[in-house]
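Reader: Before I use any labels for this model, I would like to see the criteria behind them. Please set each value against its definition.

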Amino acid sequence: MTTIIAFIVIFCILVVVHEIGHFYFAKRSRILVREFSIGMGPKLWASHKNNTTYTLRLLPLGGYVRMAGWQDEEDEIKPGTMLSIILNDAGKVTRINASDKTTLAGGMPVQVSRVDLVKDLVIEGYPNGDEEKLERWSVDHDATIIEEDGTEVQIAPEDVQFQNAPVWRRLIVNFAGPMNNFILAILTFIIYGLMFGVQVLNTNQIGTVLPGYPAAQAGLKSNATIQAIDGEKIHSFTDLSSKVSKQAGKSVTFTVKEHGKTQNVVIKPNKDGKIGVEALIEKSPARAFTYGFTQTWDLAVRTWDVLKSMVTGGFSLNKLAGPVGIYTMTSQSAKGGLQGLLFFMGYLSLGLGISNLLPIPVLDGGKILLNLIELIRRKPLKPETEGVVTMVGLGLMVLLMLAVTINDIMRYF
């Protein structure tokens with residue numbers, strides 16, 4: 001149960017933070033965000049504020065930002081459909097009810113002849129179903145519509161749709177999601193450093209000596225300084241680890257300084273090349289702040305190397321992880337308590353940001369690539385062409401996710 005809760009919490013945090021990036025910059029770019037949802041599936045709660053509907057949905061599987069015109073999300077209202085509308089004092093439509101799951105108090109029933117909520121902003125129809133009397137109503141630019149599932153959102157006029165914003169604004173909106181994941185990774189590692197400290201690897205002073213290991217058995221004490229190994233000077237904990245790992249099962253002379261006194265201590269690393277010492281841990285705001293950036297960069301380089309190896313060294317599903325693999329890694333991280341989960345969340349946030357920047361249609365990186373092509377061509381691709389590219393990319397992503405999930409199940413279960 002702990003693993004399930006941890007998995008849901010981490011996954012939701014990563015996705016919501018990602019979507020907040022898109023949301024914020026869409027708002028700044030005057031693109032209408034019709035809905036910001038936490039969770040997926042059936043709606044549990046909704047509130048409309050500043051032209052955006054905020055919803056909480058049943059399935060805790062992340063969330064989404066629904067921008068005007070970003071997706072083919074506007075269901076066509078066909079002739080003959082029954083609606084109810086609310087008019088303001090000027091006779092303009094301010095609310096539309098297209099759902100049979102709710103009733104619009106004070107609404108006028110209208111049998112639709114024609115509806116255009118994008119360009120002309122009009123509704124033509126027969127009030128109260130009277131087919132002898134065809135009327136036409138102008139729709140307010142900021143009118144709302146209650147959709148089939150009962151969610152009330154803003155209509156999406158042409159001027160506030162995503163695709164009609166300048167290309168450089170769309171590029172920023174697309175990049176903002178991964179950018180937020182990078183920022184979250186940095187902040188997570190900073191918090192990690194503040195709470196649990198940071199290993200100091202550029203010093204020859206050790207931290208903790210673990211009981212039961214060769215170093216403790218030889219009498220080495222915590223916080224001692226290792227000056228040399230077999231007469232060769234040591235400058236960092238990294239040097240120490242490297243040299244000791246090569247001396248598995250062999251007796252090694254350590255020149256150790258403790259309390260101002262220097263002495264030689266003979267230690268025999270175990271068969272794994274370990275003597276049982278840990279790096280010095282430092283807890284300080286300055287060290288934690290630096291760690292947030294350096295750790296994020298180091299992991300980004302490693303992640304990039306893995307992605308590069310999949311191209312140059314042969315593709316392997318074992319280098320990828322789907323929901324099952326991530327759940328398993330969450331379970332392993334949970335064994336390390338909050339410390340393990342916090343580190344894992346930072347790593348996963350970074351991975352989500354990097355993977356979303358891959359130039360694959362349906363991912364943010366694919367959208368950014370299309371933005372760059374548009375900048376170079378000075379005109380967008382035809383909607384039909386972009387649609388085909390997106391559908392092909394979506395199909396490939398679905399197949400890849402299915403293959404990765406099956407591979408995860410075979411590996412872990």
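Author: Buried means under 20% relative accessible area, exposed over 50%, and partly exposed in between, with a 1.4 Å probe and protein chains only. Buried residues make up 40% of the 413 residues in the protein chain. This is a predicted model: local features need pLDDT of at least 70, side-chain atom pairs count only at pLDDT 80 or more, and totals for chains, interfaces and linings use all residues. Residues are numbered from 1 along each chain as its sequence is written, and side-chain values use heavy atoms, with hydrogens and water left out.

Reader: Why does Ser 349 count as buried?

Author: Its relative accessibility is 0%, so Ser 349 counts as buried. Ser 349 lies in helix α7; helices are DSSP runs of H or I with at least four residues, strands are E runs of at least two, and both are numbered from the N terminus.

Reader: Which residues is Ser 349 in contact with, leaving aside its neighbours within four places in sequence?

Author: Contact means heavy atoms within 4.5 Å. On that basis Ser 349 is in contact with Leu 14, Asn 181, Leu 184 and Ala 185.

Reader: What makes α2 roughly antiparallel to α7?

Author: The axes of α2 (residues 167-196) and α7 (residues 337-356) cross at roughly 160° and come within 8 Å. Angles under 35 degrees count as roughly parallel, over 145 as roughly antiparallel, 65 to 115 as roughly perpendicular and the rest as oblique. The crossing angle therefore makes α2 roughly antiparallel to α7.

Methods
Axes fitted to C-alpha atoms, helices over the stretch in contact; angles between N-to-C directions.
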